[in-house]
Amino acid sequence: MEDEELEGDENSLQEEGEEKGEQEALREGEEEAQELAPSPLTEEVLREGLSLLCKTSNGLAHAFVKCEARQKDLTDISLLKCFIHLQYVDLSENKLQDLSPLSSLTNLLWLKVDGNLLTSPCLKELPYLQFISFGQNRIKDVEGITHPRLTNLSLKGNRIQSTLGLSHGQLFNLQILELRGNVLESTAGLNLPKLKNLYLAQNTIKSLEGLERLEQLTTLHLRDNSLESLDGFCSSMKCLQYLNLRNNRIGSLQEVAKLQVLPMLQALVLTDNPCSTGPSYRLEVLVTLPHLQRLDKELFEQEEHQEAARIRQERQEKEKVRTAGLGEQTELIRL
């Protein structure tokens, strides 16, 4: 199942993130101690990395549309300015601090610049760009991402403190947003109504804000954060099916009741929260969320649904009796 694969990915990503974090710290220390030696992209390296010969947009000639130059210690990619037909570019694991030469690549569809020294994702608007990955850089904010056809954006493993700046006004088509492994404390600023998958694991998020705008969201990962409360979910999130809250600080199943506003929620992960340690935890969650199909990777059996329905019915009847009794007492007081 997709959520199980994602759960496994999160485990490996956490280990990978810790390892890369140590490597990154060492690398940063070395680079801060001495100025980077210039290492521009050369014609020889470029020739080795060019591939995928296709017709140009006017159909009158052929040109290479793919370029890969990974792990070349590059600090300067000015040579790419002339290769205006490029559509797929991978410049990961270099020492780039400036992407401005890519501004002339107006046919670009796919860009990966993971593991560089970028401090900003700002890049001149590219009209056809659909995928960007800025993973494992030094980016602190999300200002300047304005590509109108962008559907998939990864900013994992950076130093981002706020999502303010990610606006539907510029990102009309964004569907997948990856922000794992940053230093976010809140979800405020995510004004992206077409977003479907949002990955916020391994941050320091303490509050959920602005989620009411995520009307098409189907998957939300909040694993390894600092949530104590589940305030912030709302009925406008009518498409949310999968929610991962593993390893937060949710102490009470009363907080879980706040998820009743999510009409399509089918899979929930609460492992490693204080509220998941009780003997009746699994059954109580199902009593509270009757439409849930899976909890912590395990499907609910038919018998569990039946038992939860019985308990729910009993509690509803008791509540009716209690309410009726209170009504009678109020009437007597009036008399």
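**A loop residue and its surroundings**

Modeller: Aspartate 224 is found in the loop that runs between strands β9 (219-221) and β10 (242-244), where strands (E, at least two residues) and helices (H or I, at least four) are DSSP runs numbered from the N terminus. This is a predicted model, in which local features need pLDDT of at least 70 and side-chain atom pairs count only at pLDDT 80 or more, while totals for chains, interfaces and linings use all residues. Residues are numbered from 1 along each chain as its sequence is written, and side-chain values use heavy atoms, with hydrogens and water left out.

With a relative accessible area of 11%, aspartate 224 is buried (under 20%; exposed is over 50%, partly exposed in between, with a 1.4 Å probe and protein chains only). Its side chain makes a polar contact of 2.7 Å with the side chain of asparagine 247 (N or O atoms within 3.5 Å, one able to donate a hydrogen and the other to accept it, residues adjacent in sequence counting only if both atoms are side-chain atoms).

Serine 120, in the loop between β4 (110-112) and β5 (131-133), is partly exposed, with a relative accessible area of 29%. A polar atom of the serine 120 side chain lies 3.0 Å from the backbone nitrogen of cysteine 122. Leaving aside neighbours within four places in sequence, serine 120 is in contact (heavy atoms within 4.5 Å) with Ile139 and Glu143, and lysine 140, 20 residues away in sequence, is 6.9 Å from serine 120 in space, C-alpha to C-alpha.

Helix α4 (residues 281-288) is largely enclosed by the rest of the structure, because 6 of its 8 residues are buried, among them Tyr281, Arg282 and Leu286.
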